[in-house]
There are 2 protein chains.
Amino acid sequence: MKKVINKPEQVVEEMLQGVVAAHPQYVKRIEGFNVLVRANGPTAKVALVSGGGSGHEPSHGGFVGRGMLDGAVAGAVFTSPTPDQVYEAVKAVDGDKGVLLIIKNYTGDVMNFEMAAEMAEADGIKVDKVVINDDVAVENSTWTTGRRGIAGTVLLHKIAGAKAETGADLTEVKRIAEKVIANVRSMGMALSPCIVPAAGKPSFTLAEDEMEIGMGIHGEPGTHRENIRSADEIASHLLEKIFADMPLQQGDEVAVLVNGLGATPLMELYVVNRKVAAVLNAKGIKTAKTFVGNYMTSLEMAGFSITLLKLDAELKALLLAPADTPAFVQF
Amino acid sequence: MKKVINKPEQVVEEMLQGVVAAHPQYVKRIEGFNVLVRANGPTAKVALVSGGGSGHEPSHGGFVGRGMLDGAVAGAVFTSPTPDQVYEAVKAVDGDKGVLLIIKNYTGDVMNFEMAAEMAEADGIKVDKVVINDDVAVENSTWTTGRRGIAGTVLLHKIAGAKAETGADLTEVKRIAEKVIANVRSMGMALSPCIVPAAGKPSFTLAEDEMEIGMGIHGEPGTHRENIRSADEIASHLLEKIFADMPLQQGDEVAVLVNGLGATPLMELYVVNRKVAAVLNAKGIKTAKTFVGNYMTSLEMAGFSITLLKLDAELKALLLAPADTPAFVQF
């Protein structure tokens, strides 16, 4: 197993120590838990908590900071965090205006975050939740009923985080989050598998000339496998699937995220973005902002996803608002 | 060849189109050349131009913007840009206060940037240069006389860029750049090779249990190969080599860059940073800021480098000054 680690069973613990050592101006750790919260928190606003299995870095700990998350819970690699961990995060970030849980749609995540919400509510903390399911590739999957939540989650963190920063109440922040979820769609592809440290071997195999379209961020099956095609053909196909699910009209405005899964060079992501921009231009769709890079990864998987978020004036203003976190800074 | 590209011979052209499409608020392209300059340039200050072979993204085009570079020249993959390309960049960014060329120490880069400087000087443009050689691994290498320039270049862009932004003259900006070069050291390792698109196959091979210590960012030989060791052992070894070359005392202050080469998960880079922070703490060395991520890559090579920059009050203030570029934002 070619990894730069110490012991596989220590990788999440040591990663979290490394994150806190790198970014003490942004995050601190809740002693005894795999939870990162803002260094200067809790703040007197609605707090946002997200998380999930580790292996998707910088999601979600990299997005803890002003204008985005208040807390992030790190499960074992590709494994939902337990309810007690989420519960600690909720307690730590609550500033009396309530806490919104942002959950990617995986059965374990939904169950454990909901259980944590019940525990926190029993303590008198106001908690609500949203579940994001932006992956248009497949209905139901290995660990999911319904669609999976993938890279669109990062735009959700950004926009809901900006809304919370305005002092909006929990109902309002949830309304904005639901609006993002209703208007964001993603789809990905993979060229190679990844290796979960504790497993020590690739999670699946792809032939040297083969790719998988619609693969999930834990290696869950996509729509099909086929021979590798050109970047333009792949990008066009992913966009067609997104447009089929969320029709866009001439004059509509979007945010674009071309997200790397971990091992795909930035050079290739920009080649993809060239085609994405060309397709959007040809359709007369405006782009308010484009993000290209590794935002929601799958360890060292090679591949990428495309996310489109349809904007209105409200979402656009929140998207473009400042943010200051380890992995997302904008001003 | 598992790559998301169209034609190998088009990859730099299409990447540049993708960068401009993604970040029009930051960069524009000089028509007919592989040069990115600030969207709002030229500005009335000393201008900084860097560049080199492509394949190291986000270096260098990702660092064009306020507080860092004014122009970046993209050669073919792992190939020095030609003098005429650098010359166009210099002409485009000059705002009458002169241009500083920031060159990584590779023979072709030095020769071609110097030739461009002569061409620009013949036009009456003030041009000066610095050559960075931060890689302590080996003296002389495949394409280098003396030491190679690697990830420390990003900190040089940051600090020289901040100095230029203050309105300092060319002599002053060069003085600061030379001070960074005198105080920055890096060393890397690789777990796997990368594939230059035009070649279509890996540039070298490493056995399944093998790593190379001190490898360059184009796959140039390092100091030795050995069986993969733990993240802590590797990090300690790289730091020892850096300390041997640049002794640091208790009470000294540094900036840290744990740089991914392209395919190494952020999780692993943070595991490395945990050890880097522990070693620095044990020595009583303070850390002013830590950067962890893919800043100077080698396409899809797996591996990382560690960079330490010894700071004084002047360098520290410039390091922490604001920057706003596609791949480096700080405020």
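By what turn and what shift along the axis can chain B be laid on chain A, and with what RMSD?

1. Relation of the chains. Chain B can be laid on chain A by a turn of 180 degrees and a shift of 0.0 Å along the axis, with an RMSD of 0.0 Å, the superposition being by least squares on the C-alpha atoms of residues with pLDDT of at least 70 in both copies. The two copies are thus related as by a two-fold rotation axis. Of the residues of chain B, B:Ala263 comes closest to that axis, its C-alpha lying at 1.9 Å. The same surface serves both copies, since 100% of the contact residues of chain B recur in chain A, where contact means heavy atoms within 4.5 Å.

2. Basis of the values. The model is predicted, so local features need pLDDT of at least 70 and side-chain atom pairs count only at pLDDT 80 or more, whereas totals for chains, interfaces and linings use all residues. Residues are numbered from 1 along each chain as its sequence is written, chains are lettered from A and ligands numbered from 1 in the order in which they are written, and side-chain values use heavy atoms, with hydrogens and water left out.

3. The helix pair in chain B. The axes of helix α2 (residues 83-93) and helix α3 (residues 107-122) of chain B come within 8 Å and cross at roughly 50 degrees; helices are DSSP runs of H or I with at least four residues, strands are runs of E with at least two, and both are numbered from the N terminus. Axes are lines fitted to C-alpha atoms, for helices over the stretch in contact, and angles run from 0 to 180 degrees between N-to-C directions. α2(B) and α3(B) are therefore oblique to each other, a term for what remains once angles under 35 degrees are called roughly parallel, over 145 roughly antiparallel and 65 to 115 roughly perpendicular. On the side of α2(B), the contact is made by B:Pro83, B:Asp84, B:Val86, B:Tyr87 and B:Val90, which meet B:Asn112, B:Phe113, B:Met115, B:Ala116, B:Met119 and B:Ala120 in α3(B). By class, the residues of this contact divide into nine nonpolar, one polar and one charged (Ala, Val, Leu, Ile, Met, Phe, Trp, Tyr, Cys and Pro count as nonpolar, Asp, Glu, Lys and Arg as charged, and the others, Gly among them, as polar).

4. The sheet of chain B that begins with β1. Six strands of chain B make an open sheet in the order β1-β2-β4-β3-β5-β6, with mixed pairing; two strands pair if DSSP finds at least two bridges between them. The edge strands are β1 (27-29) and β6 (127-132) of chain B, each of which pairs on one side only. Neighbouring strands are turned by 25 degrees against each other on average, direction ignored. Strand β5 (residues 99-104) of chain B runs parallel to β6(B) and is joined to it by six bridges, and B:Val99 stands opposite B:Val127 in β6(B). Helix α4 (residues 152-165) of chain B packs on this sheet, touching β2 (35-38), β3 (47-54), β5 and β6 of chain B, and its direction makes about 170 degrees with that of β5(B). Helix α5 (residues 170-183) of chain B also packs there, touching β3, β5 and β6 of chain B, with its direction at about 5 degrees to that of β6(B).

5. The sheet of chain A that begins with β9. In chain A, an open sheet of six strands has the order β9-β8-β7-β12-β10-β11, and its pairing is mixed. β9 (224-227) and β11 (286-293) of chain A stand at the edges, each with a single partner strand, so one side of each is left without a neighbour in the sheet. Strand β10 (residues 253-260) of chain A runs parallel to β11(A), to which seven bridges join it, and A:Val258 stands opposite A:Val292 in β11(A). Helix α4 (residues 152-165) of chain A packs on this sheet, touching β7 (184-190), β10, β11 and β12 (303-311) of chain A, and its direction makes about 40 degrees with that of β12(A).

6. Backbone points to check. A cis peptide bond with omega of about -5 degrees joins B:Gly41 and B:Pro42, and B:Pro42 lies in the loop between β2 and β3 of chain B. Another cis peptide bond, with omega of about 0 degrees, joins B:Ser59 and B:His60, where B:His60 has its place in the loop between β3 and β4 (71-77) of chain B.
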